[in-house]
Amino acid sequence: MSNRLRLALDLADAALAERLTALLAEVPGLDLVPFGSQADAVVVRPHAAGPAEPDLPLTARELEVLALLAEGASNKEVARRLGISVHTAKFHVGSLLDKLDAVGRTDAVAQAARMGVIHL
């Protein structure tokens, strides 16, 4: 087992990524690996100050549904807790999947967390 730490950077600010890469390249026991490859830790860009990305406008209801998805709620549970029909819950989940370009509910939560839309 290696004592080296594999670190990936996922930063929107290229200048910041470049500076960090230069600084971290000299740290003993640390290997910088490309984002998306197997890493022990990932440094991500700072979370957005608002509840959503400017180019990713989520409605207040979609944010509520997203929070319930993060808890693992089913469509039926989302509907019950929000006082909406299951059909409407499915519609909101589908809208979230489209807006977050996600392949499923778990991926939607992961994408939203990476974007700073929700905090887990």
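1. Surface. Accessible areas here come from the Shrake-Rupley method with a 1.4 Å probe, and for residues only the protein chains shown count as cover. On that basis the protein exposes about 7600 Å². Carbon and sulfur atoms supply 58% of this area.

2. Ground rules. This is a predicted model: local features need pLDDT of at least 70, side-chain atom pairs count only at pLDDT 80 or more, and totals for chains, interfaces and linings use all residues. Residues are numbered from 1 along each chain as its sequence is written, and side-chain values use heavy atoms, with hydrogens and water left out.

3. Overall layout. The protein has five helices and three strands. Helices (H or I, at least four residues) and strands (E, at least two) are DSSP runs, numbered from the N terminus. Along the sequence the pattern reads β-α-β-β-α-α-α-α. Of the 120 residues, 32% are buried. Buried means under 20% relative accessible area, exposed means over 50%, and partly exposed lies in between (1.4 Å probe, protein chains only). Contact means heavy atoms within 4.5 Å. Among contacts with a separation of 6 or more, 62% join residues 24 or more positions apart.

4. How to read the helix pairs. Two packed helices are described by the angle between their axes and the distance between the axes. Axes are lines fitted to C-alpha atoms, for helices over the stretch in contact, and angles run from 0 to 180 degrees between N-to-C directions. Angles under 35 degrees count as roughly parallel, over 145 as roughly antiparallel, 65 to 115 as roughly perpendicular and the rest as oblique. A crossing is left-handed if the near helix is turned anticlockwise from the far one by less than a right angle, and right-handed if clockwise.

5. α2 with α3. Helix α2 covers residues 60-70 and helix α3 covers residues 75-82. They pack at about 125°, with axes 10 Å apart. That makes α2 oblique to α3. The crossing of α2 and α3 is right-handed. From α2, the contact uses Arg61, Glu64, Val65 and Leu68; from α3, it uses Val78, Arg81 and Leu82. The residues of this contact divide into four nonpolar, no polar and three charged. Here Ala, Val, Leu, Ile, Met, Phe, Trp, Tyr, Cys and Pro count as nonpolar, Asp, Glu, Lys and Arg as charged, and the others, Gly among them, as polar.

6. α3 with α4. The axes of α3 and α4 come within 8 Å and cross at roughly 110°. The two helices are therefore roughly perpendicular to each other. Their crossing is right-handed. Asn75, Lys76, Val78 and Ala79 of α3 meet Val86, Ala89, Lys90 and Val93 of α4. This contact of α3 with α4 has five nonpolar residues, one polar and two charged.

7. α2 with α5. Here the angle is about 110° and the axes are 9 Å apart. That makes α2 roughly perpendicular to α5. The crossing of α2 and α5 is left-handed. Leu66, Leu69 and Ala70 in α2 touch Arg105, Ala108, Val109 and Ala112 in α5. The contact of α2 with α5 counts six nonpolar residues, no polar and one charged.

8. The buried side of α5. Which residues of helix α5 (residues 105-115) are buried? They are Ala108, Val109, Gln111, Ala112 and Ala113. The buried residues of α5 pack against α2 and α4. An α-helix has 3.6 residues a turn, so residues three or four places apart point the same way. Just after α5, Gly116 takes a positive phi of about 85°.

9. His92. This residue sits in helix α4 (residues 86-99). His92 counts as buried because its relative accessibility is 13%. Leaving aside neighbours within four places in sequence, His92 contacts Arg61, Glu62, Val65 and Ile84.

10. Thr21 and Leu9. Thr21 is in helix α1 (residues 14-24). At 34% relative accessibility, Thr21 is partly exposed. Not counting residues up to four places away in sequence, Thr21 touches Leu9 and Leu32. Thr21 and Leu9 are twelve residues apart in sequence and 8.2 Å apart in space, C-alpha to C-alpha.

11. Two loop residues. Gly36 is in the loop between β2 (30-33) and β3 (41-44). Gly36 is exposed, at 71% relative accessibility. Its C-alpha atom is separated by 9.2 Å from that of Leu9, 27 residues apart along the chain. Asp101 is in the loop between α4 and α5. At 65% relative accessibility, Asp101 is exposed as well. Asp101 has a positive phi of about 50° although it is not a glycine.
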